[in-house]
Amino acid sequence: MKLRNIIASFLAVVAIAVGCTEELTGNLSSIQLDQSTIMLPEEGGSATITVTATSDWKVDAATVPAEVTITPMEGKAGETKMTISTVGSVNDINADIVILVGAQKQFIKFYQPGDPSMKPQFDEFTAGDYWIMCQEDGEWFALKSTGCTIDDSGSYNYLYSVPAVVAEDGSLSSTASNVFTFEAVEGGFIIKDPAGGYLYQVAKYNNFYLTSDKAQASVWAVNQISADEFMLEISDLSKWMQYSTSYDSAGAYANAQEGATLPKLVKAEAPAEDPFVIEQTEFELPLEAGELLIPVIYNGSDIHVAELPTWLTFYGYHDGNIKFTYEANEGGNRVANVLLTTCMEDGREAQVELVFTQEGAIIETTADKINAAEDGATLYRITGCVKSIASDKYGNLYISDYTGEVYVYGTYDAEGNRFDAFTTPINEGDIVTVCGVKTSYNGAPQMKNVVVEKHIPVATVTVADFLAAPEASDVYYRLTGTMANIVMDKEDPTLQNVYGNFDIVDESGSVYVYGLLQGWGGPSKMFRELNLAEGDNITIVGTRTAYKDTPQVGNAFFVSKAE
């Protein structure tokens, strides 16, 4: 466009601009310009203005467009020649350049039309298969359809993003499941998503619907405006496609969205393999509640989970991750196997299994409750007496307390050594504290692969050996003998004393037992429940104590009775 062709339009611009300029302040007789309107052609040029001032003056640099050069930018009283020059510009330049004399202002109206020949030239867009790419913080993403139901006006979607495949030379690609087909129609193009539905919009909303009816599809004008930007516009709605970096998705909007970018169309050639990649699939969660973000690369439809335990919640895909939240664990350890599924364009399903193990509180309990518990990952702790050993190699034990006995299949120490490699062997009659899970074998309850947390060796001795031992409240002995002299109840001499006070006698001697519990950890005053009588041959465990220098068995608990 030449200078003579823009005079009329420019005069109109000047007239409007002058009408909108703020009222000039001060006595402008202090600075005079021989011309106050400068108009340069598309290709650029220069103009000279004579500035006549009564005092020092300067140009307000903030009002000078970047494309404009002014020499000099300041002067003193008197007459000064000032040159304004530019080179060609892609865009129109329209500015009010301000000259300051103290607090007074003088204005120069400047205009230069843009030169269309300087704008990048691109090939005309043609129909075909394309990936719709978008960029955020230097990273490229491919847009994907969420696969909403075709021809269902209540089913709508935005185009969400997945990481693009970037080659070493910087070229972009994605997978076949992300290819959009642009079909030429009168007025532009209609866009078909990978599932075969055509994108259309309604004026009220910014999302997309899918239709099988080409006549209902939105018609898009497609123009490339830079190497990495395409303007995709629905002309009759005055909306254009924008990628929202806040929502990681694209919609069509009637106004520019804050932080949004324009998409880039890339010819779909040599699609990459449809991936569904989660590098880490096993996760150990803490006891406390929290959330977990898992990086994922996928190019199918939405990611779905078939089933979740109540303590896990799935929030889907966002910004390169899938999100889970988990509740605090008030029980023992627990495990969840979660199967993730996404469906590819050709109907194939891709699946990844995740395993979540959450640390839990260890439940301290008794034999009867372990036997009644459900099988699972909950950790139980029990202390009891080793009633018998079924395997000296693996440590298959029967551990008893006052409620009964529990079978243990496999025993390890804190360092992970198997039972037959223990530094301090565990023997029948010893007191142990073990921790493990409850399982079942052929319907029979058991604990499996327990860890020994505490071990109290118990020496099997005669009564004479027991009497010869020093007093100690933390050293336990195993005694077998005949019950004699059971103390009876003072109120009812026909009943035994509830505490279980009696003598235990063997070939080496006799010793007084001061109170007998039903088993390890049992309550006191329950002796009668054992249904023992004088003459019964029993095995007990206790410590060497004394009362007024008379030896006795303290802390005693019942182990077994000979049949």
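Accessible areas here come from the Shrake-Rupley method with a 1.4 Å probe, and for residues only the protein chains shown count as cover. On that basis, the protein chain exposes about 28,900 Å², and carbon and sulfur atoms supply 49% of that area. Welcome to a predicted model, in which local features need pLDDT of at least 70, side-chain atom pairs count only at pLDDT 80 or more, and totals for chains, interfaces and linings use all residues. Residues are numbered from 1 along each chain as its sequence is written, and side-chain values use heavy atoms, with hydrogens and water left out.

**Overall build**

- The protein chain holds 3 helices and 45 strands; helices (H or I, at least four residues) and strands (E, at least two) are DSSP runs, numbered from the N terminus.
- With a radius of gyration of 45 Å, well over the 24 Å that the globule rule gives for 563 residues, the protein chain is more spread out than a compact globule. The radius is taken over C-alpha atoms, and the globule rule is 2.2 Å times the number of residues to the power 0.38.
- The C-alpha trace spans about 135 × 65 × 45 Å along its principal axes.
- Of the 563 residues, 44% are buried (buried means under 20% relative accessible area, exposed over 50%, partly exposed in between, with a 1.4 Å probe and protein chains only).
- Among contacts (heavy atoms within 4.5 Å) between residues at least 6 apart in sequence, 59% join residues at least 24 apart.

**Ala 47 in its strand**

- Ala 47 sits in strand β3 (residues 44-53) and is buried, at a relative accessible area of 15%.
- Beyond its neighbours within four places in sequence, Ala 47 is in contact with Ile 38, Leu 40, Met 82, Thr 83 and Ile 84.
- Ala 47 and Tyr 409 are 362 residues apart in sequence and, from C-alpha to C-alpha, 99 Å apart in space.

**Loops to look at**

- The peptide bond from Thr 71 to Pro 72 is cis, with omega near -10°, and Pro 72 is found in the loop between β5 (68-71) and β6 (74-75).
- Asp 248 has a positive phi, near 55°, and is buried at 5% relative accessible area.
- Asp 319 also has a phi near 55°, but Asp 319 is partly exposed, with a relative accessible area of 46%.

**Salt bridges**

- The whole structure has 13 salt bridges, each a side-chain nitrogen of Lys or Arg within 4 Å of a carboxyl oxygen of Asp or Glu.
- Glu 183 pairs with Lys 192, the closest N and O atoms being 3.7 Å apart, and with Lys 214 at 3.3 Å.
- Lys 438 and Asp 375 form a salt bridge at 2.8 Å, N to O. This pair links distant parts of the chain, 63 residues apart: Lys 438 is in strand β37, and Asp 375 is in the loop between α2 (367-372) and β34 (379-391).
- Salt bridges that share partners join Glu 183, Lys 192 and Lys 214 into one network.

- Asp 430 lies in the loop between β36 (404-412) and β37 (431-441).
- Asp 430 is buried and has no salt bridge; the nearest side chain of opposite charge, Arg 478, is 7.8 Å away. Lys and Arg count as positive and Asp and Glu as negative, while His and the chain ends are not counted.
- The side chain of Asp 430 reaches the backbone nitrogen of Val 458 at 2.8 Å, and a polar atom of that side chain lies 2.9 Å from the backbone nitrogen of Asn 427.

Note on methods:
Polar contact = N/O pair within 3.5 Å; in protein donor to acceptor, adjacent residues only side chain to side chain.
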